Amino acid sequence: MSETRVGVFVCHCGTNIGGVVDVPAVVEYARALPYVAHVEGNLYSCSEEGLSSLKQSIHEHHLNRVVVASCTPRTHEPLFKNACEEAGLNRYLFEFVNIREHCSWVHSREGDVATDKAKRLIRMGVAKACLLEPQDEAESGVIPVALVIGGGIAGMTAALNLARQGFHVHLVEKEAQLGGRLLQINQLCPTDEESFGLIGPIIQEVEEHGQITLYVSSTVSEVSGYVGNFQITVAADDGEQKFDAGTIIVATGADVLQPVGMYGYGQFPNVLTQLELEDRLKAEPPIVAGAVLINCVGSRIPERPYCSRVCCMTSLKNATQLKKLNPDAHVYVLHRDLLTYGVEFERYYRQAMKAGVRFLRYDLENPPQIVGRGRAENVVVWDALRGRELHLPVDLVVLSTPLVPGPDNATISRLLKVPLGESGFFLEAHIKLRPVEFATDGIYVCGTTRWPADVSESISQAYAASTKAAIPMRMGVVTAEAITAYSEPSFCTGCGTCVVTCPFNAIELQMHGNGRQVASVNVVQCKGCGSCVAACPSKAMQQRGFTDWQVLRMIEACGSWID
Amino acid sequence: MSEHTFQPRIIAFCCNWCSYAGADLAGVSRLQMPADFHIIRVMCSARVAPEWVIKALLNGIDGVMVLGCHIGDCHYISGNHRAAKRFVLLKEMLSFVGVNPDRLLVDWVSASEGRKFQKLVTEFIERVRELGACGQRHVEIQTPHR
């Protein structure tokens, strides 16, 4: 192996660093560090001039490690790594030292102290750089086939979006018919269009699309593999089918809470849920003289603290509907807070008020009471705003219950090894930076299985999820940054600590040549957190670019005992 | 070196996604703080091996900070849970062998918490300054016995 020759490039960043840190002194200091073959100061290392000087120096001084001391790797690392690569040096033989954000900018009134610190930080960077090794980025192919679980509005939209782009889609629906929850809904808010008018044509297009393979009355029973190459088993009454898929979209929808034992539900025949009312409205619209719709039934309470978001609009829709069916009816919506977000829904609320729907606020301390013999006859409610009790005669009581996690969420979560949140809905990787995708690559989520959402939100999410799924399928390959973990078989005792530590299921025990079980890391699944490395009791596990010896050398180089 | 002028040497392990970004924000915001800390970037606080902390305290480092994402925000789902558990144990071990566990600080800094980073660093350095140089006295706290 050729001798280690480190090149150090110290950036002035104009006056950002150079105005505080004595860069020429730092350059001189770095020159004396072990294995350093070349040092230079740059006005701006990231400028065209700085980068070409870096590339030229790699050739001229036969550098095989590069350290740039400038700003933050979070913004500039790819730039310098690319420059190294252009000069023929493996991009993983580069080390970044931050002497701006963590030094000159935060010690700007102490030039001497900042200069000393910059020297130490570079000393640490060089110490690590000496032990860097070239790495190859793992690539693996992506099958241009998607699995969509759930044939509701979200699943069908996602499936069609992918099928229209030419990808093959396997769509799995557990019911006998496509359409999901919308099959049960009468009209959609805020447009009051027939629900079936929206999904009817979508169902037809899905059923007729040549790129979509449909599995109804079926469930996904087994999933293995990783992004680009999942192996799927779908089970139905008449047997199992197996296929491969590159990506997976979860769109299994949500359930609606059955408010058993609440507000006379199950006790009085004229106490319905909103969903049951929808059914009634489709079959034989009820003409009532008095109706009370109670919101937040079973939601925003300690055991189910979330707001289900869609119930307020449903309540507005059906209250207005009852009022339209009988303009003389007394229709009350009892709510704890009314959430009609957005321009459309605010207008919808005003329409309901104009139509004569009355709104009353109750609080949890004084919930409405349903009284009657054999059937609900009166609703007694404490009007929190006016501070008095009201007796409302009713023919009908409608309970707005929240969307709750589907019964299959736990199973699917286990099958796909993707997390559920506190409330039991699926948890995406990051609410802002990585919505509709899981931390596990190649698996996406949309619709009410993610969180209560209305139809238009579900559709938007379905487009988002399917478009994200299309990216790796269109590229045909996925690459992983080579900061992955690896195990040294001769040290590994096969204890499996790493296997249970890994949040991405990237490690499994495999039979080694000599009949021992040893840990094996799938570099495509590994995200490079290094948790398994710190957990390994045998020090068999290491992380590329963050090995124990690299970091220990940095620690030594930082220590006061070698000043 | 008199106690008055003692400059502790601190290493701060910061995770790439939250605390390192929080430190960057402190820099961008020009939040001034003592210069005694040196950041070593790791991808996740879960990568910080407890042995590293011991190594540091044996090599002239007077205090170690391990800063990760807030619980629930870990880029790697649960890495900071691992870190949280590991360093509780390490603190007990340090205490057992007579090193003041205050020399190890585990906390969470989001990418938007430049001020929190500044505060943690400043207070930690002050605390370690009070404790003095690590390894100067063999026993900093009484070794427990039955």
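Mentor: A salt bridge is a side-chain nitrogen of Lys or Arg within 4 Å of a carboxyl oxygen of Asp or Glu, and we shall apply that rule to a model that is predicted.

Trainee: What makes K55(B) and E556(A) a salt bridge?

Mentor: The closest N and O atoms of K55(B) and E556(A) are 2.7 Å apart, and the rule asks for a distance within 4 Å, so the pair qualifies as a salt bridge. The count between chain A and chain B is four salt bridges, while 22 residue pairs across that interface are in polar contact, both residues being at pLDDT 80 or more.

Trainee: Which element gives the largest share of the side of chain A that touches chain B?

Mentor: That share comes from α15(A), with seven residues, and the residues of this side of chain A divide into 22 nonpolar, 15 polar and 13 charged.

Trainee: How do you know how much area is buried between chain A and chain B?

Mentor: Buried area is what two parts lose in accessible area on being put together, summed over both, and for chain A and chain B the value is about 4000 Å², with carbon and sulfur atoms giving 60% of it. In chain A, R74(A), H102(A) and I555(A) lose the most area to chain B, together 16% of what that side buries.

Trainee: Why are β11 and β13 of chain A said to stand at the edges of their sheet?

Mentor: The three strands form an open, antiparallel sheet in the order β11-β12-β13, and β11 (218-226) and β13 (239-245) each have a single partner strand, so one side of each is left without a neighbour in the sheet.

Technical notes: Residues are numbered from 1 along each chain as its sequence is written. Chains are lettered from A and ligands numbered from 1 in the order in which they are written. This is a predicted model: local features need pLDDT of at least 70, side-chain atom pairs count only at pLDDT 80 or more; totals for chains, interfaces and linings use all residues. Side-chain values use heavy atoms; hydrogens and water are left out. Buried area is the accessible area (1.4 Å probe) that two parts lose on being put together, summed over both. A polar contact is a pair of N or O atoms within 3.5 Å; within protein, one must be able to donate a hydrogen and the other to accept it, and residues adjacent in sequence count only if both atoms are side-chain atoms. Helices (H or I, at least four residues) and strands (E, at least two) are DSSP runs, numbered from the N terminus. Ala, Val, Leu, Ile, Met, Phe, Trp, Tyr, Cys and Pro count as nonpolar, Asp, Glu, Lys and Arg as charged, and the others, Gly among them, as polar. Two strands pair if DSSP finds at least two bridges between them.
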